Amino acid sequence: MTDAVLAINAGSSSLKFALFAMSGADEPGLLARGKAEERDGARRLVAHAPDGGMLADRHAASGEPDGHGLVSDLLAWSEEHIGAGALAGVGHRVVHGGGLHVEPARIDDALFAALEALTPLAPLHQPGSLAPIRALRAMRPQLPQVACFDTAFHHDLAPPVSRLALPRRYEVQGLRRFGFHGLSYEYVARRLAGLSPSLADRRTVVAHLGSGASLCAMRHGRSADTTMGFSALDGLVMATRCGAIDPGVLLYLQQAQGLSVAALEHLLYKESGLLGVSGLSGDMQALLKSDAPEAAEAVDLFCFSIARHTAAMANTLGGLECLVFTGGIGEHAAEIRARVGERLGWLGVAIDAAANAAAAPDIGAADSAVRVLIIPTDEEAVIAGHTRDVLLGR
Ligand SMILES: Nc1ncnc2c1ncn2[C@@H]1O[C@H](COP(=O)(O)OP(=O)(O)O)[C@@H](O)[C@H]1O
Ligand SMILES: CC(=O)OP(=O)(O)O
Ligand SMILES: [Mg+2]
């Protein structure tokens, strides 16, 4: 087996991963893809071959005192699969790179400490990004690890897009809008360019709709604007996050209702969004199946929020010529795509019902002024490509 890289995309409760061959080609070759998660006192690792065939479905009882269980399961399985000694390095999605970390970089003590210091900026994500890095540093100090930043794709956003309307002294301290989901947007930008250069030059809004959700106003393969800002709370309504909210609400909850900072953080990141409005679930599939009126209202607010912010992104671009859906909801929820498309009819969006139901790559109606595409994202492929390049020194 040739040398391989392991790409880790860690979330708050699960860890998506993929193994890629370290070929010299532009796109590293996929060897396996899977998920490791820990819930209800048990760990589970599932891996699939590129053709979808099952490679592993392993279960273990929780109880690693150092919390390294998922990572040691993953390392053990990876090395069994590709052969001992064949793992050249591990790449990670690191949600926050702050203003300083843009290029993918080999992780040393100094970089790890710098990324830990950014935790308050992404309290839901940064600990999840750093936990597998910490575990692997302890288990395999010699194994090269590379950080790839979700903020990087948006790093050259400039005022007014990047600016918060706060006193200047805060901007001097580094408070600005950063933007996230950059590895996904980088993948989509590459795919658009691969489809045709003229497509990449269109004024495009990419809707990354997963548990976290954001939009990117994109043109010529670059970010022109995005709905997430200083933190991953801003913009769209999400699974458990509120999205854009009147800051006066936060003052009211603290002043009039006595909510602590910790309680407020929990409310905004974990109890709001689709979960908060439905009172049932933050999972779109569950909400679409539910008969409860609150579930329908949560879905309606989600679609409204996407359309409202798409209009704002179109404003930044000076028009809308292409709309791309990606992420778990964007790729799989035809009803959400249809409802967003209906709301955006005034901007020239028209979705073909049959193409949409079939999740075709191109779902725009024949008379749509806007191209409408579904592009399944692959953050792990982007991580693997960057990791290989860093390891090869290019
Ligand atoms: N067939 C489907 N229909 C509707 N929603 C779906 C479908 N498949 C996945 N989803 C939704 O996609 C979301 C997860 O998206 P994903 O991009 O995997 O999330 P994450 O941010 O955790 O990576 C969930 O809300 C899930 O219900
Ligand atoms: C940045 C972010 O929101 O990530 P996720 O979608 O994985 O929650
Ligand atoms: Mg995601």
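Predicted model: local features only at pLDDT ≥ 70, side-chain atom pairs only at ≥ 80, totals over all residues.
Local features here need pLDDT of at least 70, side-chain atom pairs count only at pLDDT 80 or more, and totals for chains, interfaces and linings use all residues. Residues are numbered from 1 along each chain as its sequence is written, while chains are lettered from A and ligands numbered from 1 in the order in which they are written.

Start with the overall layout. The protein chain is assigned domain 1 (4–149) and domain 2 (196–374); such bounds come from an automatic or database domain assignment. The C-alpha centres of domain 1 and domain 2 lie 27 Å apart. Across the boundary, 6 residues of domain 1 are in contact with 4 residues of domain 2. Contact means that the C-beta atoms of two residues, placed from the backbone, lie within 7 Å. The side of domain 1 that touches domain 2 has 5 nonpolar residues, 1 polar and no charged. In this scheme Ala, Val, Leu, Ile, Met, Phe, Trp, Tyr, Cys and Pro are nonpolar, Asp, Glu, Lys and Arg are charged, and the others, Gly among them, are polar.

Now turn to ligand 2. Its shell consists of Gly11, Val95, His125, Asp150, Phe180, His181, Gly210, Ser211, Gly212 and Ala232. A residue is near a molecule or strand if its C-beta atom, placed from the backbone, lies within 6 Å of it. Domain 1 and domain 2 each give at least three residues to this shell. By class, the shell around ligand 2 has 3 nonpolar, 6 polar and 1 charged residues.

The UniProt annotation "active site", from an unreviewed entry, covers Asp150. UniProt positions are given in the numbering used here, feature names are shortened, and annotations may be inferred rather than shown by experiment. Asp150 sits in the loop between β8 (145–149) and α4 (168–172). Helices (H or I, at least four residues) and strands (E, at least two) are DSSP runs, numbered from the N terminus. Asp150 counts as buried because it has 28 C-beta neighbours inside 10 Å. The cut-offs are 20 or more other C-beta atoms within 10 Å for buried, 12 or fewer for exposed, and in between for partly exposed, with C-beta atoms placed from the backbone. Leaving aside residues up to four places away in sequence, Asp150 touches Arg93, Val94, Val95, Phe180, His181, Gly182 and Leu183.

Strand β6 (residues 87–94) holds Arg93. Arg93 has 25 C-beta neighbours inside 10 Å, so it counts as buried. Beyond four places in sequence, its contacts include Asn9, Ser129, Cys148 and Glu379.

Next comes ligand 1. It is surrounded by 14 residues, and the closest are Gly210, Ser211, Met284, Gly328 and His332. Helix α12 (327–332) and helix α10 (284–289) each supply at least two residues. The most come from α12, with 4 residues. The shell around ligand 1 divides into 5 nonpolar, 8 polar and 1 charged residues.

Finish at strand β9 (residues 204–209), where 6 of 6 residues are buried. Thr204, Val206 and His208 cover one side, and Val205, Ala207 and Leu209 the other. Strands pair if DSSP finds at least two bridges between them. With β10 (residues 213–219), β9 pairs antiparallel over 6 bridges. A hairpin of 3 residues joins β9 to β10, and His208 is bridged to Ser214. With β12 (residues 322–326), β9 runs parallel over 5 bridges. There, Ala207 has Phe325 as its bridge partner.
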